[in-house]
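I opened this entry to look up cavities, the chain contact, salt bridges and the backbone. My notes follow in that order.

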Amino acid sequence: MPSPRLLQAFSRHVQEDPGRTALVAGGARVSYADLEQLARRTAADLDAVDRTDVRALCVPAHKSPETIALLLAAWRRGINTLVPSPGLGAAALATLTAQAHGPLTAVAVPGGGAILSREESDPALADGFSAPDPEESLLTLTTSGSTGVPKLVPIRTDAFDRFGDWATEKFGLDADARSLSFSPLNFDLALLDVWTVLEAGGTVVLADAGASGDAAYLRALTSDNDVTLVQGVPLLHRLLAADGARYPSVRTVVFTGESVSEQGLRDTFAACPAARFHNVFGCTETNDSFIEDIDPDAFVHPLPIGAPIEGTEAVLLIEGPDGTEVLQGPGTGELLVHTPFQTCGYLEQARNAHAFMPDPRGGGAMFYRTGDLVHRDADGRHFLQGRTDFQVKVRGVRTNTLEVETVLGAHPDVVEACVVALPCPEAGTRLHAEVVRRDGTSLSSLGLRAYAAKHLPRHAVPSSVALAGTPLPKTPTGKPDRNSIKKTRLNGDT
Amino acid sequence: MSTTATDPIRDYIVQEFLAGEDAADLTDDFDLIESTVVNSLGLVRLISWISETYGIPVDDIPLEPAAYRTLADIRRFVSEAAPAAV
């Protein structure tokens, strides 16, 4: 974890077992001693510049051993690092760096070391933004702005250590752990599959960012490196399980990010015969908050998000006759959580009043308003219903576009599906689906409509379906970029 | 199966309800109603198009969806109601 404790653990691994593999990247093995050497080279570059006014170091998350070494080197010097998606444009990067009180940016160079640059920006950009406090946090992540500039979320060191303790025990991580790091380094998922694994002395197999849709590459990477831990969105598990692939080395499978289809679950069970399976739910602001341990012989579908992780408190808020109230017993409401792993708040102070609120039952704990609509059944199991803001009305009927996506995504020939609500002169709102079909299948849009009509109420069947052979556009956090898809559609329609 | 350009009913359905989509699967017996390609609003548009195109008074056109379930159904109705047109 990005914490002093992680740094101590890392140094211990370097001393005690320098030849052990820390990272696998681009077909090469990087030992703990190699990584230490990369970190030292990078530290020399950090020490060569005047850092007196540096409040945050922007490190674009290029996925490489050198970037990991750069982060270790910065944390050792007590520098808070802002780690945004490397895909962000220069203007957005400059704005984020200014908002985090920058002003330095560091880009790791092959072979170790970093190129540092200083952004001259309007100081007014940081108005209303707290400066990260390195005593409290060494890492600032960004959450997907599906709208506009991403939000800055400082990750507290003590919160990280608590997450590391939980994850290490829950997933049995030790020096024999070998994780597949599929998601980008700027995702909160890296807290588990990169940083906790390194703290445990294990090996992180870095999947090349450019090859994330390449099933054959991912399968070989996982098999050849005897990966034990696979965490990711359903798409990753689907790619890995394709064509009857088998991974006897995998011990832990974590589903996260989106709901997984029943067939996807069964395929993954078959692909990882020796694994335990978990559905984990969370967000950057709180890290993981719910977990469901999945029994392949007795599971329910759709999968519950399960029960709150130890130390997490969760309430569901509903609109009652006298305004907002806490739901008692079974029912559906907006999920609010307080986790041992959560942030102290966005750097942008004005956002916090809306996103965080004191325990609605009384008490001082700060709860995060997830915006997720969650159903709790009589047994206390929780099921994600969608986002409160994914509710649309189609011909007067309340419809959740995520549920429609889930149904389309369950078609065996569909790789991914995205459903957006478009204005319609007749119906007010109509649903449009963008679907990526599996290579080599003959699935047609008519075939998919017929399938959707069988599995959805009529109002929820998309009134247009576009099939593509290429992946859908993604947000910086890897979810389908609904806004972009919507815009393209609207502009194309007019 | 009729896929030539001389099939105005099929062309209308493709243009109006399947714009930009791959319509190769649209066979004469494909269920337009069940698949929701033609929904209740679409049915209104379809009926008014049939009325205009084939000169059949709207009052003579049945409103129940079953009459337009497939391309074959629509073609059969039109040929009965306006034999000169097709």
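I began with the largest cavity, which holds about 50 Å³ of space. A cavity here is a set of points, on a 1 Å grid over the protein atoms alone, where a 1.4 Å probe fits but cannot get out. Grid points are joined across faces, edges and corners, and the volume is the space filled by probe spheres set on the points. The model is a predicted one: local features need pLDDT of at least 70, side-chain atom pairs count only at pLDDT 80 or more, and totals for chains, interfaces and linings use all residues. Residues are numbered from 1 along each chain as its sequence is written, chains are lettered from A and ligands numbered from 1 in the order written, and side-chain values use heavy atoms, with hydrogens and water left out.

I counted two cavities of 30 Å³ or more in the structure. Which residues line the largest cavity? I listed Val230(A), His237(A), Leu240(A), Ala241(A), Tyr247(A), Val253(A), Thr268(A), Ala271(A) and Cys272(A) (lining means an atom within 4 Å of a point). Helix 8 (234–241) and helix 9 (262–271) of chain A each give two or more residues to this lining. Helix 8 of chain A gives the most, with three residues. Helices (H or I, at least four residues) and strands (E, at least two) are DSSP runs numbered from the N terminus. By class, the lining has seven nonpolar residues, two polar and no charged. Nonpolar covers Ala, Val, Leu, Ile, Met, Phe, Trp, Tyr, Cys and Pro; charged covers Asp, Glu, Lys and Arg; the others, Gly among them, are polar.

**Chain contact.** I turned to chains A and B next. Contact (heavy atoms within 4.5 Å) takes 15 residues from chain A and 18 residues from chain B. The buried area between them is about 1300 Å², and carbon and sulfur atoms give 49% of this. Buried area is the accessible area (1.4 Å probe) that two parts lose on being put together, summed over both.

How many salt bridges are there between chain A and chain B? I found one. Arg449(A) pairs with Glu21(B), the closest N and O atoms being 3.0 Å apart. The rule asks for a side-chain nitrogen of Lys or Arg within 4 Å of a carboxyl oxygen of Asp or Glu. On the chain A side, helix 12 (445–455) and strand 26 (464–468) each supply at least two residues that touch chain B. Helix 12 of chain A gives the most, with six residues. That side of chain A divides into six nonpolar, five polar and four charged residues.

**Salt bridges overall.** I got 28 salt bridges over all chains. In one of them, Glu199(A) meets Arg5(A), with the closest N and O atoms 3.0 Å apart. Glu199(A) lies in helix 6 (residues 190–199) and Arg5(A) in helix 1 (residues 4–16) of chain A, so the pair ties together parts 194 residues apart in sequence.

**Backbone.** Most residues other than glycine have a negative phi, and most peptide bonds are trans. I noted His101(A), with phi near 70°. His101(A) sits in the loop between helix 4 (90–99) and strand 5 of chain A. The peptide bond from Gly102(A) to Pro103(A) is cis, with omega near 0°. Pro103(A) lies in strand 5 (residues 103–108) of chain A. His301(A) and Pro302(A) are joined by a cis peptide bond, with omega about 0°.

Methods:
On a 1 Å grid over the protein atoms alone, a cavity is a set of points where a 1.4 Å probe fits but cannot get out, and a pocket is an open set with protein on both sides within 12 Å along at least five of seven lines; lining residues have an atom within 4 Å of a point.
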